[in-house]
Amino acid sequence: MTSEFKLSPFTLRFYADDVETRYRDYDFQRLRQQGRVAILVGMTVYLLYGILDIWFVPAAVKTTVWLFRLSALLVPAIVFALSFHALFQRHVYELLALVGLAAGSGLLAMLYQLPVDTAVYYYVGLVLTTFYTYNFIGTRFIYAVCVDIGFLLTYNLLFGWWREFPMPIMINHDFFILSANLIGGVSGYLVEQHRRELFVHKQVLEQERHFHQQLALHDPLTRLPNRVLLFDRLECVIANAFRGQQLAAGIYIDLDDFKSINDIQGHACGDWVLQEVAHRLSTLLRDTDTVCRLGGDEYFVLVPEIDSHADVEALEAKIAAAIQAPMQPPGISQSLSVHGSLGSCIFPFSGCSASEIVGRADKAMYQQKQQR
């Protein structure tokens with residue numbers, strides 16, 4: 001696992017905040033659906049649990065027990081409603097953990113109202129709530145740990161200290177609640193770890209796919225789009241130009257006497273010049289324009305929107321001036337002056353295609369070069 005995707009071994013949180021945010025967004029739709037189902041199932045079981053009241057809850061406290069039960073159900077009902085709101089995505093883990101917290105707190109409050117001989121029939125609900133929080137509601141493992149360990153400590157404080165349940169009962173209850181924490185916790189940890197590792201695997205594959213796509217569509221030296229990507233963008237601009245009746249232009253650029261730079265100064269210097277020209281062209285043009293390296297010392301500029309032929313001529317003059325401004329390659333004592341020959345093609349025209357536009361601009365460039 002790369003350092004970018006490194007996980008905390010205990011909390012299972014990505015150390016990088018942006019990766020953690022991406023994981024939450026990636027997992028959100030599944031998590032929201034699971035959370036809604038878990039809330040509905042949990043509320044149903046919680047209500048069905050009330051059937052036991054017929055036999056085990058004294059009449060004097062039945063109203064109080066149902067008051068706690070309905071109060072506890074209010075929290076998941078609110079969270080379920082929030083699952084349809086944008087706020088839910090920002091706090092999904094905390095809200096789902098709150099559902100488990102409400103379920104356990106309601107059970108503890110109900111248990112506190114019951115005598116010892118009937119309370120033993122209700123503590124099993126804490127075991128179910130432990131599994132529910134770890135494995136069903138969908139919150140993060142670390143939140144479930146905090147909620148369920150909190151239940152265990154609170155249970156021992158309320159019934160082992162204040163209510164003074166018999167020691168054999170407390171030991172029996174603690175054993176099963178601890179076992180539920182151990183089994184549910186390990187299971188929840190492994191499931192979340194697997195989901196996060198699967199996310200990392202998909203992210204790495206996507207990065208590799210993007211990297212190879214960049215290699216296939218960009219020039220490795222200048223990082224400019226290559227001929228393949230240029231032709232793809234040209235086809236889009238042609239279609240938009242016909243549809244919107246908007247003029248566009250392609251400008252072919254060839255560096256004059258570039259071979260002499262390689263021969264005299266060396267290929268390292270020549271590569272630097274090609275990169276510098278690419279940088280100057282990219283800086284000069286708009287974000288909507290495309291600068292492409294066709295190969296060797298040839299570039300192509302695609303301008304998707306122009307108003308007139310005069311605009312193209314003005315742009316050609318700016319490009320020529322930017323190219324021939326003095327350059328100071330590293331390790332070379334004297335500055336270099338590079339000149340370029342330019343030719344343009346304005347389109348759309350009848351039967352125009354990407355290859356035809358590049359061909360016409362290339363022809364215009366050679367005509368300019370011959371006139372010098």
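Colleague: How many aromatic pairs does the structure hold?

Modeller: The structure holds 17 aromatic pairs. Rings of Phe, Tyr and Trp (its six-membered ring) pair if their centres lie within 6.5 Å, and planes under 30 degrees apart count as stacked, over 60 as edge-to-face and the rest as tilted. This is a predicted model, where local features need pLDDT of at least 70, side-chain atom pairs count only at pLDDT 80 or more, and totals for chains, interfaces and linings use all residues. Residues are numbered from 1 along each chain as its sequence is written, and side-chain values use heavy atoms, leaving out hydrogens and water.

Colleague: Happy with that. Why is the pair of Phe56 and Tyr121 called stacked?

Modeller: The ring centres of Phe56 and Tyr121 are 4.1 Å apart and the planes stand at 20°, so the pair is stacked. It links distant parts of the chain, 65 residues apart: Phe56 is in helix H2 (residues 53-56), and Tyr121 is in the loop between helix H6 (116-119) and helix H7 (124-135). Helices (H or I, at least four residues) and strands (E, at least two) are DSSP runs, numbered from the N terminus.

Colleague: What makes Tyr121 count as partly exposed?

Modeller: Buried means under 20% relative accessible area, exposed over 50%, and partly exposed in between (1.4 Å probe, protein chains only). Tyr121 has 43% relative accessibility, so Tyr121 counts as partly exposed.

Colleague: And what makes the pair of Tyr155 and Phe159 tilted?

Modeller: For Tyr155 and Phe159 the angle between the planes is 45°, with 4.8 Å centre to centre, and the pair is tilted. Both lie in helix H8 (residues 141-162), four residues apart, about one turn of the helix. Tyr155 and Phe159 are both buried.

Colleague: Good. Why is Asn262 called buried?

Modeller: Its relative accessible area is 15%, so Asn262 is buried. Asn262 is found in helix H11 (residues 258-265). Setting aside neighbours within four places in sequence, Asn262 is in contact (heavy atoms within 4.5 Å) with His267 and Gly270.

Colleague: How do you know that strands S1 and S4 pair?

Modeller: Two strands pair if DSSP finds at least two bridges between them. Eight bridges join S1 (residues 247-255) to S4, and the two run antiparallel. Ala248 stands opposite Phe347 in S4. Strand S4 (residues 340-347) is mostly covered, with seven of its eight residues buried.

Colleague: Which residue lies over the face of Tyr143?

Modeller: That is Arg140, at 5.5 Å from the ring centre. A charge sits over a ring if NZ of Lys or CZ of Arg is within 6 Å of the ring centre and within 35 degrees of the ring normal.
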